[in-house]
Amino acid sequence: MQEASPIQPFNVSLPAMEKRRSVAFHTLGCKLNFSETSTLSRMLEKDGFDKKEFDDTADVYVINTCSVTDNADKECRQLVRRIQRRAPESMVVITGCYAQLKPKEISEIPGVDLVLGAAEKFNIGSHLRELTKGNSAKISSCDIEEVSGFNASYSLNDRTRTFLKVQDGCDYTCSFCTIPMARGKSRSDSIENVLRNAHELAASGVKEIVLTGVNLGDFGKGPDGNKKHEESFFHLIQELDKVEGIERYRISSIEPNLLTNEIIEFVANSRKFMPHFHIPLQSGSNKILGLMRRRYKRELYAERVALIKTLMPHCAIGVDVIVGFPGEDEESFKETFDFLHSLEVSYLHVFTYSERANTHALDIQPVVSPHLRHERNKSLRNLSYMKMQYFTAQHGGETRKVLFEGHEKEGMMEGYTDNYIRITTPFRQEWANEIVDWKI
Ligand code: SF4
């Protein structure tokens with residue numbers, strides 16, 4: 001017969017005896033989400049979790065969702081089902097933009113244990129300490145108006161290039177967009193803290209930083225939701241330019257009305273800021289831009305492109321464009337097509353408009369049929385392909401600097417020139433994470 005231990009009256013295990021738990025992540029959506037997942041993962045590893053691949057068996061699964069994805073709901077359900085088949089006892093946590101927008105809906109997905117809204121995402125460690133597997137999911141979320149803090153984050157999968165989040169949220173009211181409802185008001189890191197992170201990244205061997213945010217050009221509003229700009233994006237890039245060890249910067253995306261002449265001139269004269277811009281246009285028709293509540297007209301966009309190309313003829317320019325927005329008749333689409341055709345841009349990211357709950361665009365008529373949306377998407381993607389071919393051919397024969405990434409894929413390696421031309425070549429270890437002169 002076994003005697004009960006006199007010194008252990010309760011069924012508790014001491015922290016030192018606790019089994020290490022494992023966690024696996026899955027990210028949907030944009031670079032901002034990837035940088036945040038990467039930070040969440042490092043936080044939990046510090047808390048004693050072992051990181052696993054999403055297809056492995058883990059104790060906790062975290063899905064970082066996106067609200068821009070057309071079928072966020074379907075994707076989320078499928079992922080939870082996959083987890084349940086593989087590891088029915090594991091904890092499932094859903095966070096990210098979709099979790100902020102539809103917490104109740106997500107909590108009703110069988111198998112979900114915890115839904116974390118925008119304010120609670122970075123408190124995941126303490127939530128996991130208290131979480132137990134139960135019949136219903138716990139929701140920890142608040143109204144987006146109350147979300148004000150800023151959490152810096154960066155991705156560190158491959159040390160070659162990192163996405164550093166310096167800004168979050170957006171104060172604009174584009175009529176198709178749910179991001180302000182999912183991420184809250186515009187707020188930023190301080191320049192001092194961004195520089196600290198940049199130094200840390202340089203010390204860990206990172207060569208290229210991609211500055212990331214929701215509305216990057218609006219950088220500088222304080223984390224307490226202070227509407228005034230305390231610092232500016234122009235000041236930020238001037239300071240970053242001086243950081244020893246970081247050899248390249250890219251600006252992930254910047255609104256045309258916030259891309260000032262001084263920023264363009266600075267990039268043209270900087271050795272570290274790469275000749276590469278990504279500037280959302282969304283439509284080449286002023287009528288549609290008005291319906292979208294964008295803050296510029298196509299003439300301003302053309303001026304920005306012209307100045308960039310005058311100062312940096314070799315500069316790559318990427319464009320976001322939406323097709324099938326309500327009210328986009330044949331004439332408006334033709335205007336967009338012709339405008340993009342005439343512009344000296346290098347590639348397009350084409351999005352097909354899809355209806356989003358609680359957006360003003362839902363009130364605009366007439367809607368464009370799914371078939372036309374699809375056709376328009378196809379024709380702009382063809383245009384993008386031709387633009388990219390042309391841009392690459394223009395630089396054929398030139399020697400440009402390529403930063404090669406560290407991983408080998410089927411015997412090959414990849415890298416980008418300063419002006420964002422992708423180079424693929426047989427893997428050579430000595431080129432991994434190095435800048436190499438390359439004849440295109
Ligand atoms: S600028 Fe417009 S499209 Fe971009 S995040 Fe803000 S509201 Fe959305």
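**Exercise 1.** Determine how helices H12 and H13 are oriented relative to each other in this predicted model.

*Solution.* Step 1: H12 spans residues 330-342 and H13 residues 370-394; their axes lie 11 Å apart at an angle of about 10°. Step 2: angles under 35 degrees count as roughly parallel. Step 3: H12 and H13 are therefore roughly parallel to each other. Step 4: on the H12 side, the contact involves Glu-330, Phe-333, Phe-337, Leu-340 and His-341, which meet Leu-372, Arg-376, Ser-379, Leu-380, Leu-383 and Lys-387 of H13. Step 5: sorted by class, this contact comprises six nonpolar, two polar and three charged residues.

**Exercise 2.** Describe the packing of helices H9 and H11, including the hand of their crossing.

*Solution.* Step 1: the axes of H9 (residues 261-269) and H11 (residues 298-311) come within 10 Å and cross at roughly 25°. Step 2: H9 and H11 are therefore roughly parallel to each other. Step 3: their crossing is right-handed. Step 4: H9 contributes Asn-261, Ile-264, Glu-265 and Ala-268 to the contact, and H11 contributes Arg-304, Leu-307, Ile-308 and Leu-311. Step 5: five nonpolar, one polar and two charged residues make up the contact of H9 with H11.

**Exercise 3.** State the domain division of the chain.

*Solution.* The chain is divided into domain 1 (22-142), domain 2 (153-382) and domain 3 (399-439).

Methods: Residues numbered from 1 in each chain as written. Predicted model: local features only at pLDDT ≥ 70, side-chain atom pairs only at ≥ 80, totals over all residues. Heavy atoms only, no water. Axes fitted to C-alpha atoms, helices over the stretch in contact; angles between N-to-C directions. Helix = DSSP H or I, 4+ residues; strand = E, 2+ residues; numbered from the N terminus. Parallel < 35°, antiparallel > 145°, perpendicular 65-115°, else oblique. Left-handed = near helix turned anticlockwise from the far one by under 90°. Contact = heavy atoms within 4.5 Å. Nonpolar A, V, L, I, M, F, W, Y, C, P; charged D, E, K, R; others polar. Domains from an automatic or database assignment.
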